[in-house]
Amino acid sequence: MTDAVISAQHLDLTFQTGDGPVHALRDVNLTIDKGDFVSFIGPSGCGKTTFLRCIAGLETPTGGDLTVNGMTPDEARKARAYGYVFQAAGLYPWRTIGGNIRLPLEIMGFSKADQAERVKRVLELVDLAGFEKKYPWQLSGGMQQRASIARALAFDADILLMDEPFGALDEIVRDHLNEELLKLWARTEKTIGFVTHSIPEAVYLSTKIVVMSPRPGRITDVIDSPLPRERPLDIRDTPEFIAIAHRVREGLRAGHQED
Amino acid sequence: MKGTLGPVLTVILAILAIWYVACVPMNVREVLSAAERDGAVVTPTDPVERRDAGAVGLVLNNTAHLGASWSLDRAKLPAPHQIAVELWNTTVVEEMTGRRGIVNSGSLSNRGLVYHAGITLWATVLGFVIGTGLGILLAVGIVHSRTMEMSVMPWAIVSQTIPIVALAPMIIVVLYSVGLQGMLPKAVISAYLSFFPVVVGMVKGLRSPDQSQLDLMHTYNASKSAVLVKLRLPASVPYLFASLKIGIAASLVGAIVGELPVQQGGLGARMLAGSYYGQTSQIWAALIAAAALAALLVWSIGALERRTLRRMGVV
């Protein structure tokens, strides 16, 4: 418990809409430890993105407790505890790649010299050294998403929250980026929350897989992965991998049958 | 460029052709009166009957006497070449040989079009700058405050429904009574017309960033001013330029309308003077100068837009 970075207890979130209340999250209990790589998987409407947004302080839960680094999510946001990567890279077209990565640093008031040093470091981290002066439209979709990850890493938050960051990319690029992301996680020792709807992606990346289901959005299974932290791509053909993937699939199916 | 030249020329030639044809019925009464004075027999001979007859009928009955249709001194509708001559005389000839021209006096002639176009241009630019600044400020306020949107936007819309020709004299009188005259009242009218497209365009532009871009700023705990400077304003630049092109043309109209009642120089004063003295070709020359000025201004904004967007990396 001492290592808990993110802790949710009996978390509820109900949206009031014109068609009546929508239970986006109901009774969500979860503890994420430091250095965990946690994937949230489930069909659309299961609340996986909503939960991530709650952690980020972008949504306010209507019940229960949620702490991030021991603080409320809003305090954690103000303390700049996390970097957030959206599904769309969302780079500003009028800024160069370097300029985009500098954006949070400018807002947070880092010195010019510090900014330059950090931009250089994170660009190397995501394998984009030399692209600092390019504009987003000059980069492929995968490179743009890497730049947006670099942007989230630039100010050294301990937590990285990623909302289907590779959802719009083709499978080959996605495999490559998954591999890169694991390396980056090993090097930076960050705690990562990762939303996806791909079973292989979730199993390949995570130390902990959270299976969710919709109406109301809730957790149906939490799987602690027995896979080693060092994971080559072909680990996906091992029996252990297939067994975990099977359990995730079962969890997803169970969630659906309860409808 | 080669492909567009043909169609462009065709349209110009068609306009000129229609114009020359229109000169005949428009000017037929004056042409026939002049022909009668020279001893020709026109039908009908009675001037009163002629006054009540239709223009087309007069043309058809007097086909032999229409030679002067394109060379009348004070035509109702001067022919294009007459306007061209007027333009040439009031610009190049006036400046080169006129007593008050730039060659003989060292300053632009106040009887020449260039001088008056210059007056209008400065009032337009000043009004445009005021209007654009005001428009941007209002848009920033409207985007940030619901109260401001509810309280200001209806007035901005109402302001544009009042005919400017009705309002312009009042603005001038009111400003004169507080000691403001000369260029400023014209600039105020011109700002009055140009702020509106800027407000509308900028409100749309400042709101153009999508929710995830705003969320991203929120995750950085960015202040409202940081969101404005680093996200909303850069995102609104393409919208701003679209508005500026409309705004500068509106500014020019405002400046000209502001010159009508004052008669202290400018293309508007020139137009009104022309109509007082029946100098139609002077009116047309001033109109064409105004159109040329508008084209030049809109083109300048376009050039500035291309440069700015290229520098911003978004092309």
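User: How many salt bridges are counted between domain 1 of chain B and domain 2 of chain B?

Analyst: A salt bridge is a side-chain nitrogen of Lys or Arg within 4 Å of a carboxyl oxygen of Asp or Glu. Between domain 1 of chain B and domain 2 of chain B the count is 0. This is a predicted model, in which local features need pLDDT of at least 70 and side-chain atom pairs count only at pLDDT 80 or more, while totals for chains, interfaces and linings use all residues. Residues are numbered from 1 along each chain as its sequence is written, chains are lettered from A and ligands numbered from 1 in the order in which they are written, and side-chain values use heavy atoms, leaving out hydrogens and water.

User: Where do the two domains of chain B lie?

Analyst: Domain bounds come from an automatic or database domain assignment. For chain B that assignment gives domain 1 (2–76) and domain 2 (113–312). Their C-alpha centres are 40 Å apart. In contact (heavy atoms within 4.5 Å) are 4 residues from domain 1 of chain B and 5 residues from domain 2 of chain B.

User: How much area do these domains bury between them?

Analyst: The size of an interface is often given as the accessible area lost when the parts come together. Here buried area uses a 1.4 Å probe and is summed over both parts. Domain 1 and domain 2 of chain B bury about 360 Å², with 42% of it on carbon and sulfur atoms.

User: How many cavities does a search of the whole structure find?

Analyst: Rolling a probe the size of a water molecule over the atoms shows where empty space is left. A cavity is a set of points, on a 1 Å grid over the protein atoms alone, where a 1.4 Å probe fits but cannot get out; lining residues have an atom within 4 Å of a point. Grid points are joined across faces, edges and corners, and a volume is the space filled by probe spheres set on the points. The search finds 3 cavities of 30 Å³ or more. The largest cavity has a volume of about 90 Å³, and its lining residues include Phe166(A), Glu180(A) and Arg187(A).

Key. Buried area = accessible area lost by both parts, 1.4 Å probe. 1 Å grid on protein atoms, 1.4 Å probe; cavity = no way out; pocket = protein on both sides within 12 Å on 5 of 7 lines; lining within 4 Å.
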